[in-house]
Amino acid sequence: MLARCPSCRNTFSTDRTGPQDCPVCKKPLVVPEAPGVVPTSAQSPLQPGAGPPAEQGTPWERRVELGAWHAYLDTLVQALFEPGQLFRSARLDRGAAQTGFAVLTVGAAWFVGQMLDRFFLRQWTQPLFEKLGGSGAMGPFWQKLAAAGHDTSARAIILLAVLTPLVVLIGLYLNAGVTHVAAVLLGQAKRGFAATFAACAYACAPLLLLAIPGCGSIVGTVWTIVLTGVGLKETHRIAPGGAAAAVIAPYVLLCCAACALGLLLGMAARGLPQ
């Protein structure tokens, strides 16, 4: 069937209807159900101003239809191995569902990782903290950290279980807010905060590796940063370079701020009496 892009006015051939990108200018459009008909009315889905394409929704956003467990697994697999397909199908009016996916994934993995560390890795980490706490001005701090990090009482576990979702929720919105500010400043926030939030929420999938103490958090964080860039590209319909810049810019600023703070502290320490 033939369709015409309202942005570049080029006619192209397609074998399917529904939301898709123009093969010429790469801008989103919706091909109507009637085959071979190019809509011309002012309210046509192909006309500018008719609103963004109606994404079909990720499996998690259709969990009532697919079943919660099946939908979660499908969303997780797509986020890890087919992120472009997942982010293209994400709906911008499903913020609550996207929040639930991120909090469930990160919160559960973080809690499991903490439990593994407290009950099984304590014999290796405890001597390190005790050694650090044995000398220096930071000794009391390390001792308190060791005591808190290895508290296996029922009260500590319940407190961790209650606070983990709240911490994850705050971290999710903070990350999305900082990323969106960077995208706005760089002129890459084409579809609003909802698009940025969807990208950040589903990009949390690799943080499932938080359940593995040690290297799991490092690998998961790097993977999440990469997926956030992919998500911004697809949800905002922007170029890969712009998406990468919006994701990396906050980390560059944070690194510069840390270097400046370290320099100031070093200068201040040099001025103190020996």
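The legends below describe close-up views of a predicted model. Local features are given where pLDDT is at least 70 and side-chain atom pairs only at pLDDT 80 or more, whereas totals for chains, interfaces and linings use all residues. Residues are numbered from 1 along each chain as its sequence is written, and side-chain values use heavy atoms, with hydrogens and water left out.

**View 1. The hairpin of strands β3 and β4.** Strands are DSSP runs (E, at least two residues), numbered from the N terminus. Strand β3 covers residues 18-21 and strand β4 residues 28-31; they pair in the antiparallel sense over four bridges (pairing requires that DSSP finds at least two bridges between two strands). One of the bridges joins Pro-19 to Val-30 in β4. Six residues lie between the two strands, and Lys-26 in the turn has a positive phi of about 70°.

**View 2. The aromatic pair of Phe-101 and Tyr-202.** The structure holds eight aromatic pairs (rings of Phe, Tyr and Trp, the last by its six-membered ring, with centres within 6.5 Å). The pair of Phe-101 and Tyr-202 is tilted because the ring centres are 5.3 Å apart and the planes stand at 55°; planes under 30 degrees apart count as stacked, over 60 as edge-to-face and the rest as tilted. Phe-101 belongs to helix α4 (residues 95-119) and Tyr-202 to helix α8 (residues 193-202), so the pair ties together parts 101 residues apart in sequence. Helices are DSSP runs of H or I with at least four residues.

**View 3. The cluster around Trp-60.** Ring pairs link Trp-60 with Trp-69, Tyr-72, Phe-101 and Tyr-202. Arg-63 lies over the face of Trp-60, 4.6 Å from the ring centre (NZ of Lys or CZ of Arg within 6 Å of the centre and within 35 degrees of the ring normal).
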